[in-house]
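Please keep the sequence and the coordinates at hand while reading.

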Amino acid sequence: MVVIPGMLYTKEHEWVRIEGTSATIGITDHAQKMLGEVTFVELPAVEATFKRGDSLSVVESSKAASDVYAPVTGKVLEVNSDLESRPEMINQSCYQDGWICRMTVTDPASYKGLMDAKQYQQYLKEM
Amino acid sequence: MPFISNTAGQQQQMLKAMDLSMEDLFSDIPQDVRCPALDLPEGLSEQQVRAKLAAIAEKDSVDLTCFLGGGFYDHFIPAAVYAILSRSEFYTAYTPYQPEVSQGTLQAIYEYQSQICRLTEMEVSNASLYDGGTALYEAMMMALRITGRNTILIDDSVNPIYRVMLHSYTRNLHIDLEQTRCTDGLVDLGQIRKRLNDRTAAVIVQNPNFFGCIDDFSDIAEMAHAKGALLIVSCYPISLGIVKTPGAMGADIATGEGQSMGLPMSFGGPYLGFMASRKEYVRKMPGRIVGQTTDRLGRRAFVLTLQAREQHIRRDKATSNICSNEALCALAAHAYLTLLGKKGLQETAQLCADKASYAYKRLCAIPGVKPHFKAMWFFNEFVMDLPRDSADVIAQLIEKGFAAGFPLSRYYQGMDRSILICVTEKRTKHEIGMLAEALESVL
């Protein structure tokens with residue numbers, strides 16, 4: 001199971017890469033493996049605001065439709081519209097080309113308590 | 001292996017082997033929730049049951065000459081429709097739970113979906129819903145999901161039975177169902193313009209409306225879209241042979257009652273709800289959808305597709321709790337449309353309009369009978385005002401062998417003397433003449 005250092009992780013298997021006030025969000029290798037072949041991604045609207053824990057996207061595969069929860073509180077800056085025509089990028093490159101959206105963090109306290117790579121790895125082992 | 005229930009003797013044997021009594025089997029159920037002794041009458045024989053049900057059915061008047069509409073219509077059903085429906089392969093297997101094995105069923109539904117798209121000029125259809133009313137409810141919920149808003153604008157020229165249904169469904173939800181009042185039988189643009197705002201998820205209208213009046217909602221579509229709202233049009237499928245389609249008007253979702261396509265009126269059902277929408281909304285659509293694909297050998301095959309929306313996968317976040325469709329009824333509609341063909345449907349619609357026009361003129365000639373609305377573009381239904389209570393007149397005409405029309409006072413205040421009269425292609429010039437004479441005689 002691939003886990004990238006230098007990023008934060010949630011219990012719901014989202015990853016978030018924080019750079020200053022911007023946060024890039026996606027789902028982890030574990031999540032994409034469990035879902036199977038992704039057939040559709042419902043992207044959030046640009047400018048939409050979300051609190052940590054709100055559902056901001058839905059990733060659909062042939063066997064499930066899974067909510068993606070906001071790991072931080074903020075406003076959507078940019079979405080990865082390539083996913084509209086190539087949803088399978090989430091399977092092929094979940095940490096790079098398969099990113100879902102980028103948000104401006106409006107509440108830095110909202111990502112306190114997220115796991116680092118080591119903690120997430122441990123979490124996966126204990127599941 | 002066929003199911004054979006256990007005999008009393010076999011039950012006793014099993015209990016003896018377990019050293020239990022019948023009572024013991026229910027010991028986990030608390031006394032206060034156990035079923036009390038049921039004082040049921042003795043069972044009847046097949047002959048007795050038949051006689052009893054026949055006596056109840058006798059109370060229905062089935063031989064009245066039908067001028068009754070109001071959402072459910074007496075259209076001609078070709079015998080071939082029944083011949084196709086009654087094939088046991090279709091009749092008994094109503095719902096494909098191992099869908100890909102039932103290629104014939106799926107193909108029939110796929111063809112039905114294609115016909116609905118062509119008829120309404122919309123881009124995608126589902127495999128059917130229960131009836132026109134629940135289809136309208138589902139369209140409303142779809143609009144709420146798509147826009148994320150919580151207000152619906154619905155005109156009172158939409159079928160009142162459907163409006164009651166929408167109320168029942170939304171009464172305990174955080175949804176604002178706002179009603180606009182039609183003026184002179186048509187949707188009032190001024191009211192729509194005033195009430196439309198950025199909290200409106202959709203505007204719901206009907207064409208032809210409950211009073212039979214025809215309208216073009218292209219301007220409402222523009223108004224709604226300008227505010228980020230959707231236009232939902234409930235329509236009468238036979239009318240689409242000559243009337244402007246929801247698709248041509250710019251509607252986002254089209255729904256309606258499919259009973260007029262090959263299904264008898266049957267005292268309330270089973271009926272057929274259809275729903276079609278823009279392709280971009282297909283993932284928000286409830287119900288089953290059949291798709292066409294190829295198998296691993298490259299042969300054409302049909303599947304139930306986009307199932308991740310449905311409740312057996314998406315659970316409480318599903319688009320709806322409907323997990324079935326009206327497969328047999330959809331097949332009847334499919335057979336009906338295929339047998340009529342495009343030309344046949346246009347001719348049927350034209351006949352309805354022409355005969356209704358003729359009836360309208362005949363009835364207007366009766367002293368005391370006047371059209372209710374000034375503006376008059378109608379398809380096959382129209383409202384007449386009588387010199388006295390229309391419900392009474394209708395009751396008298398039943399005695400004379402006519403289901404003369406619908407008493408509007410049942411749903412509309414101040415319309416006590418108004419009657420909604422419908423004429424389909426089945427009504428003859430003779431029957432229309434007889435109705436006019438009978439009406440004149442009771443007034």
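Predicted model: local features only at pLDDT ≥ 70, side-chain atom pairs only at ≥ 80, totals over all residues.

Residues are numbered from 1 along each chain as its sequence is written, while chains are lettered from A, and ligands numbered from 1, in the order in which they are written.

**Chain B as a whole.** The C-alpha trace of chain B spans about 85 × 55 × 50 Å along its principal axes, and the chain holds 15 helices and 15 strands; helices (H or I, at least four residues) and strands (E, at least two) are DSSP runs, numbered from the N terminus. Of its 443 residues, 41% are buried, where buried requires 20 or more other C-beta atoms within 10 Å of the residue's own, exposed means 12 or fewer, partly exposed lies in between, and C-beta atoms are placed from the backbone. Two residues are in contact if their C-beta atoms, placed from the backbone, lie within 7 Å; among contacts in chain B between residues at least 6 apart in sequence, 73% join residues at least 24 apart. Helix α1 (residues 8-18) of chain B lies largely in the open, because the number of buried residues among its 11 is zero.

**Backbone geometry.** Most residues other than glycine have a negative phi, and most peptide bonds are trans. The following cases depart from that pattern.

| Site | Feature | Value |
|---|---|---|
| Asn207(B) and Pro208(B) | cis peptide bond | omega about -15° |
| Gly269(B) and Pro270(B) | cis peptide bond | omega about 5° |
| His13(A) | positive phi | about 70° |
| Glu47(A) | positive phi | near 85° |
| Asp19(B) | positive phi | about 55° |

Pro208(B) lies in the loop between β5 (200-207) and α10 (218-226) of chain B, and Pro270(B) in the loop between β7 (253-257) and β8 (273-277) of chain B. In chain A, His13(A) belongs to the loop between β1 (8-9) and β2 (14-19) and counts as buried, with 23 C-beta neighbours inside 10 Å. Glu47(A), in the loop between β4 (38-42) and β5 (49-50) of chain A, counts as exposed, with 8 C-beta neighbours inside 10 Å.

**Nonpolar cores.** A nonpolar core is here a set of buried Ala, Val, Leu, Ile, Met, Phe, Trp, Tyr and Cys residues joined through C-beta atoms within 7 Å. The largest core has 111 residues, and those touching the most other members include Met140(B), Ala202(B) and Leu231(B). Its largest share, 16 residues, comes from helix α13 (residues 327-364) of chain B. Domain 1 (65-73 + 342-442) and domain 2 (79-335) of chain B, with bounds from an automatic or database domain assignment, both give residues to this core, so the core lies between them. A second, separate core of 23 residues includes Val38(A), Val41(A), Met103(A) and Val105(A).

**Strand pairing in chain A.** Two strands pair if DSSP finds at least two bridges between them. Two bridges join β5(A) to strand β8 (residues 73-79) of chain A in an antiparallel arrangement, with Phe50(A) opposite Gly74(A). Strand β8(A) is also joined by six bridges to strand β9 (residues 101-107) of chain A, again antiparallel, and there Val76(A) stands opposite Met103(A), a residue included in the second core.
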